[in-house]
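Here is a short briefing on one protein chain.

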Amino acid sequence: MTSEVTRGPINLVVLGPPGAGKGTQAVEFARRHGIPKISTGDILRDAAQSETDLGQRAKVTMDAGGLVDDKLMIAIVRERLTRRDAERGFVLDGFPRTVAQAIALDELMTDQGPLTVVDIAVPDDALVERLARRRVCGQCGNATSVAAGESRNRCEKCGGELVLRSDDTESTVRERLRVYAEATKPLVGYYSSRPTFRAVDGQQSPAAVWAALNNAVDEMRATPSAADCGSERTVG
Ligand SMILES: [Zn+2]
């Protein structure tokens, strides 16, 4: 628990279902610690704009409307993690998405210090309710949340009409959560027995989630040689 331990790189993976707010937390965490936030979307956009062979392969796939497969995705992430700005660590958001990607990430981590994983957990019903309350201004794009039973339908900023986004309807949200559960929930199983895994309650306020996320990371980084301390698996 010396300060030496906490000065190593922070290699953080943030897991959580769509709508759990993990993107916002990841951005803030990266900014606070001066490390890059690396999301799959950003990586692919970056790669597609670059002249590299990997980038061009990704671009061809995406332009054809296809999904970039695990192998190419892993190669792109590997390249991204070796850039200078990731020397002090990184926050990964949206990667890994599958167990195969997680195994590949572990293989990349051998020289970079331990991986810490935080799952922002929110039950499906709570997510459906949260997203059903979300409204977007049709005029200026301002996003807001209406309380249960509230009939407000005008934007506070410009007076435009507030609308429910078509992908926030219950059936669409349930479908997104089903896809997430199928591909990504096994990841929680893959990581959960490690001393460098924590789940935080995503049903709290964003400020409380932020505090829990930081506590979890501090705790994990204070665990000496986390990888081989099998007796301390008291993760709740
Ligand atoms: Zn507006």
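**Overall picture**

Of the 236 residues of the protein chain, 28% count as buried (20 or more other C-beta atoms, placed from the backbone, within 10 Å of a residue's own). This is a predicted model: local features need pLDDT of at least 70, side-chain atom pairs count only at pLDDT 80 or more, and totals for chains, interfaces and linings use all residues. Residues are numbered from 1 along each chain as its sequence is written.

**Fold and size**

- The protein chain has nine helices and eight strands (DSSP runs, H or I of at least four residues for helices and E of at least two for strands, numbered from the N terminus).
- The C-alpha trace spans about 55 × 45 × 30 Å along its principal axes.
- Residues 24 or more positions apart account for 70% of the contacts with a separation of 6 or more (a contact means C-beta atoms, placed from the backbone, within 7 Å).

**Helices α3 and α4**

- The axes of α3 (residues 40-49) and α4 (residues 53-63) come within 7 Å and cross at roughly 110° (axes are lines fitted to C-alpha atoms, for helices over the stretch in contact; angles run from 0 to 180 degrees between N-to-C directions).
- α3 and α4 are therefore roughly perpendicular to each other (65 to 115 degrees).
- Leu44, Ala47 and Ala48 of α3 meet Leu54, Gly55, Ala58, Lys59 and Met62 of α4.

**Helices α5 and α6**

- α5 (residues 70-81) and α6 (residues 99-108) pack at about 30°, with axes 10 Å apart.
- They are therefore roughly parallel (under 35 degrees).
- Asp70, Met73, Ile74, Arg78 and Leu81 in α5 meet Ala100, Gln101, Ala104 and Leu108 in α6.

Technical notes. Parallel < 35°, antiparallel > 145°, perpendicular 65-115°, else oblique. Contact = placed C-beta atoms within 7 Å. Buried ≥ 20, exposed ≤ 12 C-beta atoms within 10 Å, placed from the backbone.
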